[in-house]
Amino acid sequence: MSKNKSSESVKVVVRCRPLNRKEESNGSAEGIVQMDLRLGQVVLRNPRAPPSEPLKTFTFDAVYDANSKQRDLYDESVRPLIDSVLAGFNGTIFAYGQTGTGKTYTMQGAWLDPEKRGVIPNAFDHIFTHISRSQSDKQYLVRASYLEIYREEIRDLLDPNHGSAKALELRESPETGVYVRDLTSCVCKSVKEIEEVMNVGNQARAVGATDMNEHSSRSHALFLITVECSQPGPDGRKHIRVGRLNLVDLAGSERQAKTGVRGERLKEAAKINLSLSALGNVISALADGRSGHVPYRDSKLTRLLQDSLGGNARTVMVATLGPAPQHYDETLTTLRYANRAKNIQNQPRVNEDPKDALLREFQREIARLRAQLNHRKGRSKHKKEDMDGEGWERDGDEDTEGDDEVEKEAREYVKQEEQRLEREKEAIREDRFLLAEEKQRLLGEKERMMGDLRKEQEATEQLTAKYKAMESKLLVGGKNIIDHTNEQQKMLEIKRQEIAEQTRKEREMQQQMLVQDEETLELRETFTSLQQEVEAKTKKLKKLYAKLQCIKAEIQDVNDEHVRSRQELEQTQNELTRELKFKYLIIENFIPPEEKNKIMNRLTFDPEEDQWKFQPLVPAERSFSQMKKRPASAVGYKRPISQYARVAIAMGPHSRYRVGGTMEMFHWIVHRRWSATKVPQRTVHLPRTEPVVSESLAPGKPHSPLAIISITHFST
Ligand code: ADP
Ligand code: MG
């Protein structure tokens, strides 16, 4: 049901994990989730409802029960997505569900057990195997980044100073859409390297958290892979396709208790699931299709996933469930959420020759270095030819000559040159007809020539190393990155893919048949007698009645949920109002109205950073130049200066320290007056400044500006 030709819906698959030991020992031997793998249906039983209540049925693109294998999920539901990323599409997989239902298990799994490796490690293998098997006219550049969103702050997990680093900012460009500014991205040349990147990030995640389980249930982890591929097109020029893959392990979808907390805790609680509820709102708005406004800007997560939800990307959502009866409500919510997401339409397209392709820059840089190297080689060659009058170069194209050869020849040339210079030096030394002075001069000249030669050699080596490092970052198709010589294994993989494809098609057909069956039932029915007609119609009526009951129950559920979330919102609102009244009380009683007005007038809201900010009193650079023009009167400073003002300078335009500037000005004026009249030592009391300048006048000592005044702290 695509709205236009290029649009396709978000694929939604559901996975249910097995009952765990604790749940089994709690007596819930039987789960509440049943799955029909052939039809892609989930049937949910309400453990609190009477047996007569109809079960809830949801249909998805695929469902995976407790016995499902990681590999099956990958081959059927993820492989096609990664293939399209390799072809230059954007792709996103996100795992959604309550904490403990298997999001991380699905995305990462157990790395060491080949059977239990999740989507991410399988995707790594897939990407690099694909590259190693592709044609040799293709060049690839693979990059990876890893970030998490925690309390609405974006943290770079690959930054070595992860813990202390500032939260990153989101930016938007017309070319690439929304991106994270200054995010570390690592070029990866093999599965091993990209796994290393993942490990580094995972460790950074764990180190920052006091309780990893709690942390992961509250933060969103995004692993981003960019695959750039360049290939000569029919026009003979190299074209670049860029596929971006987002692998997202979302925070737990369960409701976080927000009530009864105040102050900092309240702020924190409000932020914890902001991204998740914003995601829900975005999905609702998109699935609805009628509401024009999609609230992407409400959270960091939805802004980052903007393309993946209703934009230029292919998206797979894996909704994870637990089978235990006590989580019925959460499970139902997850299924509803997933069901809604099915209706989102994306418009994926191949990203061809984007301006910001890094691969293009790399290719240019490599070509430049190559040209420089060839130029050097050419120079050496000419010198050599001049020297012994014969061709030095081997047969063959300059550009295709092996780099090792180039290096070897260069080294050979330097060695020969050195030997020649040595010989010449020897000849000079033994020349009895030369004057000692002349000898010295000639020898010096030869020394200098040797020095130059070595310098040149060093420069060439550096250039070669740089060139090699640069080139090694690009992967060339057809080269064996992974040892896949085993043809049988390759065949096996292909067969498995075919089976997965077949299963998918079968399921689609089954689902279509089911829909058609219901529609055509009516048409096929012909009645031979009135009695028969009555029977048939009664049966149909019963069926429809059951359906009606289902829908009524659904409405009731949705209403209940709506009421629940409204109550929660009201409670949060009450807490916030209380907090606000508290702040007002302080402001009204302790801050002079004129001060308050001044502050209010200077405040502006920065929607990019979602924060209120102070407008500077004076533009920063102007105040700086003003400072500069003052006469120098204290060692190292323009004027006597307090500790307070020094901090102020270090802090930049920080409002807390602004008063320092004014007080300093006062000091300075006072000081100027007194130095003019040569008044002996005095003590001046100034409000709210630190004592700094305190030095008594020594008799006979010239009046240094520092010695003139002593400022004592004015205490209230
Ligand atoms: P989440 O990331 O959603 O909080 P986890 O992935 O950490 O949940 O899973 C919780 C526990 O359940 C883990 O011990 C995991 O090994 C186990 N588990 C999850 N899904 C499965 C599954 N499909 N098969 C077997 N064990 C699973
Ligand atoms: Mg997890």
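This is a predicted model: local features need pLDDT of at least 70, side-chain atom pairs count only at pLDDT 80 or more; totals for chains, interfaces and linings use all residues.
Trainee: Which residues are around ligand 1?

Mentor: A residue is near a molecule if one of its heavy atoms lies within 4 Å of it. Around ligand 1 these are Arg 15, Arg 17, Pro 18 and the residues Gln 98, Thr 99, Gly 100, Thr 101, Gly 102, Lys 103, Thr 104 and Tyr 105. The shell comprises 2 nonpolar, 6 polar and 3 charged residues, where Tyr and Pro count as nonpolar, Lys and Arg as charged, and Gly as polar.

Trainee: Which backbone atoms lie 2.7 Å, 2.8 Å and 3.1 Å from an oxygen atom of ligand 1?

Mentor: A backbone N or O atom of Tyr 105 lies at 2.7 Å, one of Lys 103 at 2.8 Å, and one of Gly 102 at 3.1 Å. The protein covers 65% of the 550 Å² of accessible area that ligand 1 has on its own, by the Shrake-Rupley method with a 1.4 Å probe.

Trainee: What does the UniProt record say here?

Mentor: The unreviewed UniProt entry annotates a "binding site" that covers Gly 97, Gln 98, Thr 99, Gly 100, Thr 101, Gly 102, Lys 103 and Thr 104. Such annotations may be inferred rather than shown by experiment.

Trainee: Is Thr 101 buried or exposed?

Mentor: Buried means under 20% relative accessible area, exposed over 50%, and partly exposed in between (1.4 Å probe, protein chains only). Thr 101 is buried because its relative accessible area is 4%. Gly 100, at 49%, is therefore partly exposed. Thr 101 sits in the loop between strand 7 and helix 3, and its side chain reaches the backbone oxygen of Gln 98 at 2.5 Å.

Trainee: Which side chains make a polar contact with that of Ser 219?

Mentor: A polar contact is a pair of N or O atoms within 3.5 Å; within protein, one must be able to donate a hydrogen and the other to accept it, and residues adjacent in sequence count only if both atoms are side-chain atoms. The side chain of Ser 219 makes such contacts with those of Arg 205 at 2.7 Å and Glu 148 at 3.5 Å. Ser 219 counts as buried because its relative accessibility is 0%.

Key: Residues are numbered from 1 along each chain as its sequence is written. Chains are lettered from A and ligands numbered from 1 in the order in which they are written. Side-chain values use heavy atoms; hydrogens and water are left out. Helices (H or I, at least four residues) and strands (E, at least two) are DSSP runs, numbered from the N terminus.
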